[in-house]
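Subject: Structure handover

Hello,

Here is the structure you asked about, with notes on what turned up in it. Please keep it open while you read.

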Amino acid sequence: MAGAKNHDYHILPPSPWPLASSMSALLMASGAIMWMHSVPGGGWAFLAGLAAVLFCMGSWWADVVREAHNGDHTPVVQLHFRYGMILFIASEVMFFVGWFWAFFDFALFPTAMSFVDGQVERATEGAAAIAATWPPKGLEVIDAFKLPLLNTLILLTSGTTVTWAHHALIHNQRGGEKRGLWGALGVGDRDGVLKGLWLTIVLGLIFSSIQAYEYIHAPFPFKGINYGASFFMATGFHGFHVIVGTIFLIVCLIRAYRGDFTPRQHFGFEAAAWYWHFVDVVWLFLFVTIYVWGGWGAPVHSG
């Protein structure tokens, strides 16, 4: 029959979201630049652009979910989704490589400076030489074996809970068979999926709360000192990824309550789990290199 589909690929219909997303991102970036330069209306332009970007994201992903319900996500399409997610995580790895590189560069080739009474003092010609040490002389660092270690344990635990939820979805059929519609859809152990997701989300929120508390009480500033700048940029971007991953898992929890996932078709859940494990691994590197190695030998903040 002419026009009949005889392949496993999904040919997308025309969509307004690529163009709308591009224009929204342009408005958001332009508004942010205007806002930072105190241009009147810059803040409102940024907020309008941000709202438009969020609307486009939600609408675009809603279309993808509808495609899955319509049966357009064949095994071949799902495989390509996985390739795309792998490449996305690879790009994120390189993003964090840049921040680690900056931190190691500052640590291995430190600038001669000291940190006295909350102020940065740099060595100048004619002045007494200041030893080039890392962290800078006089700077107190965050104790790696208090809140950072607690956050490490929290993230490692969250990795196990999201894995529990994933395995409950794809392996345990008995729980679902006892629960009416969920069992009829063949979606596995509903209780395991929901409890695992709830625990992971709560642990993610606790991690973010502890990190916010740590930032508020940090003994060094963001600006004026390489240690503070590299510390906050690396750990801050990781914290942002934790927030994004938590939102990702909340969406998966809502979809799990709706019965959207099946053992054979649950790429959205799988992508969220991959992303969360990536966030866990990055934190382990941050903890070892920035908190432990990067602050080794420096006085520890007692607050």
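How many helices and how many strands does the protein chain have? There are nine helices and two strands. Bear in mind that this is a predicted model. Read from the N terminus, the order of elements is α-α-α-β-β-α-α-α-α-α-α. The chain has 303 residues, and 39% of them are buried.

The largest pocket has a volume of about 1,800 Å³. It is lined by 50 residues, and those closest to its centre are Met57, Trp60, Trp61, Val64 and Phe248. Two or more lining residues come from each of α1 (17-36), α2 (42-69), α3, α8 and α9. The most come from α2, which gives twelve residues. Sorted by class, the lining of this pocket holds 30 nonpolar, 14 polar and six charged residues. Both domain 1 (19-71) and domain 2 (92-301) supply at least three residues to the lining.

Helix α8

Helix α8 covers residues 226-258, which is 33 residues.

Is Tyr227 buried or exposed? Its relative accessible area is 2%, so Tyr227 is buried. The C-alpha atom of Tyr227 is separated by 7.7 Å from that of Phe103, although the two residues are 124 apart along the chain.

Aromatic pairs

Searching the whole structure gives 28 aromatic pairs. One of them is Phe88 with Tyr275: the ring centres are 6.3 Å apart and the planes are at 15°, so this pair counts as stacked, the cut-off being under 30 degrees. Phe88 sits in helix α3 (residues 75-108) and Tyr275 in helix α9 (residues 267-293), so the pair ties together parts that are 187 residues apart in sequence.

Two loop residues

Where is Ser38 found? Ser38 lies in the loop that runs between α1 and α2. Its phi is positive, about 60°, although Ser38 is not a glycine. With a relative accessible area of 65%, Ser38 is exposed.

The other residue is Ala112, in the loop between α3 and β1 (113-116). Ala112 has a relative accessible area of 24%, so it is partly exposed. Between the C-alpha atoms of Ala112 and Trp134 the separation is 9.3 Å, and these two residues are 22 apart along the chain.

Regards

Methods:
Residues are numbered from 1 along each chain as its sequence is written. This is a predicted model: local features need pLDDT of at least 70, side-chain atom pairs count only at pLDDT 80 or more; totals for chains, interfaces and linings use all residues. Side-chain values use heavy atoms; hydrogens and water are left out. Helices (H or I, at least four residues) and strands (E, at least two) are DSSP runs, numbered from the N terminus. The expected span of a helix is 1.5 Å times one less than its number of residues. Rings of Phe, Tyr and Trp (its six-membered ring) pair if their centres lie within 6.5 Å; planes under 30 degrees apart count as stacked, over 60 as edge-to-face and the rest as tilted. On a 1 Å grid over the protein atoms alone, a cavity is a set of points where a 1.4 Å probe fits but cannot get out, and a pocket is an open set with protein on both sides within 12 Å along at least five of seven lines; lining residues have an atom within 4 Å of a point. Grid points are joined across faces, edges and corners, and a volume is the space filled by probe spheres set on the points. Ala, Val, Leu, Ile, Met, Phe, Trp, Tyr, Cys and Pro count as nonpolar, Asp, Glu, Lys and Arg as charged, and the others, Gly among them, as polar. Domain bounds come from an automatic or database domain assignment. Buried means under 20% relative accessible area, exposed over 50%, partly exposed in between (1.4 Å probe, protein chains only).
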